Amino acid sequence: MKTESVNPEYRDLDQWPSARILAAITDSNRAAIEAVERALPALTEAADRMTELVGRGGRIVYLGAGTSGRLAMQDAAELPPTFGFDRTVVLMAGGSSAGERAREGAEDDAAMARSEIRAAGIGPGDSVIGLAASGRTPYTVAGTQLARELGALTIGIANNEGSALLEAAEVPVLLATGPEVLAGSTRLGAGTAQKVALGALSTTVLTRLGGAYGNLMVGMKPANEKLRIRAASIIAEATGATPELAGARLEEAGWDIRTAIVMIRAQVGSARARELLDAAGNNVRKALAAAGANPG
C-alpha cells in the first residue's frame, strides 16, 4: 500500500527544524488536494446519483473506522446546522466513543459492520459512503459489500489503487495521495484528501437540493444570537431588504431563513411562504417561481 510505504525524502524528518517539517506537511496537503481534483469525475457521478436518491427522501450513511470514521462523523455533524439536513447515519467501528478515543482493534470486526448495516435498515434509497485510507479495512469493506447487496448506492473512498473497498463499491473514488511525510500516518495527506472529498460531495448534493440559494446558506439554523444576526444578513443579501426588515421577517418566519426570503421576495405572509416551500421541496428558487416572483 502506497499510503503505508516510506518516502526516503523524509528519512531524516526527526532531525529537521520545525519550519522544514511544517513546510513538508503543508506541501503534502497541497498534493492531497490535487488527488481530489483527479477524482472529480468519480465524485461527480457520486454526487449526481446521491442527489437523485436524497431528493426522494433517502439518507446519507457514512461508514468508517479510525481517522476515516472521525472525518465522517465531522461531516455528518455539520449538515444539520449548515443545511438543516438531519437524515444521516454514521456507522463507526467501535461506536461513537471511538470518535473521541481511538479503538484501533474495532476496524477488524467485519461481523459488527454487517450487524450494524442491518440494524440501521440500510437499503434502496440510501447512499452509503465507505471510507478507508488503506482501502482494505475489514469493517468498512464488509459493511459496504452488504449495503450494496441490500440495494443501497455505495460509494467507496480509498487512497490505494486496486483496494478491496474500491472493488466493493458501486462508485469507486480513488484519492491517490501516496506516502505520508510521517510514514503510515494517514491522518495527514490521506485524511486531508478524504475531508475535502466528503465536504465537496455533501455540499454539492445538498446545495443542488435547495440547501443554498445562490451561494447563501439558507438552510442554516439560527440557534443563537450570533447566528440570528448572520441569518438576517443572509436574508438582506438575498432580498435587498434592510437589515431591520430582514430581522423582523426572520422572527415572523419562526427563524426559518427560506421562509423569510420567500415572504419578502414574493410579498406574502409566513403561512403562504411555508406552503410554497413545502410544495417546492424547500427550494427557494422553485418556491419563488411558483409564486410568480422573480427567483433571482
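This is a predicted model: local features need pLDDT of at least 70, side-chain atom pairs count only at pLDDT 80 or more; totals for chains, interfaces and linings use all residues.
## The pairing of α3 and α7

Helix α3, which covers residues 66-83, packs against helix α7, residues 189-211, at an angle of about 25 degrees, and their axes lie 10 Å apart. Because angles under 35 degrees count as roughly parallel, α3 and α7 are therefore roughly parallel to each other. The crossing in which α3 passes α7 is right-handed.

On the α3 side, the contact is made by Ser-68, Leu-71, Ala-72, Gln-74, Asp-75, Leu-79 and Phe-83, while α7 contributes Gly-191, Gln-194, Lys-195, Leu-198, Gly-199, Ser-202, Thr-203, Leu-206, Thr-207 and Gly-211.

## The largest nonpolar core

In soluble globular proteins, nonpolar side chains tend to be buried together. The largest nonpolar core here has 32 residues, and of these Ile-129 and Ile-155 touch the most other members. Two or more residues are given to this core by each of α1 (18-38), α2 (40-55), β1 (60-64), α3, β3 (127-132), β4 (153-158), β5 (171-174) and α7, with α2 giving the most, seven residues.

What does Ile-155 touch, if residues up to four places away in sequence are not counted? Its partners are then Ala-46, Met-50, Val-128, Ile-129, Gly-130, Ala-169, Val-171 and Val-173.

How values were computed: Residues are numbered from 1 along each chain as its sequence is written. Side-chain values use heavy atoms; hydrogens and water are left out. Axes are lines fitted to C-alpha atoms, for helices over the stretch in contact, and angles run from 0 to 180 degrees between N-to-C directions. Helices (H or I, at least four residues) and strands (E, at least two) are DSSP runs, numbered from the N terminus. Angles under 35 degrees count as roughly parallel, over 145 as roughly antiparallel, 65 to 115 as roughly perpendicular and the rest as oblique. A crossing is left-handed if the near helix is turned anticlockwise from the far one by less than a right angle, and right-handed if clockwise. Contact means heavy atoms within 4.5 Å. A nonpolar core is a set of buried Ala, Val, Leu, Ile, Met, Phe, Trp, Tyr and Cys residues joined through side-chain atoms within 4.5 Å. Buried means under 20% relative accessible area, exposed over 50%, partly exposed in between (1.4 Å probe, protein chains only).
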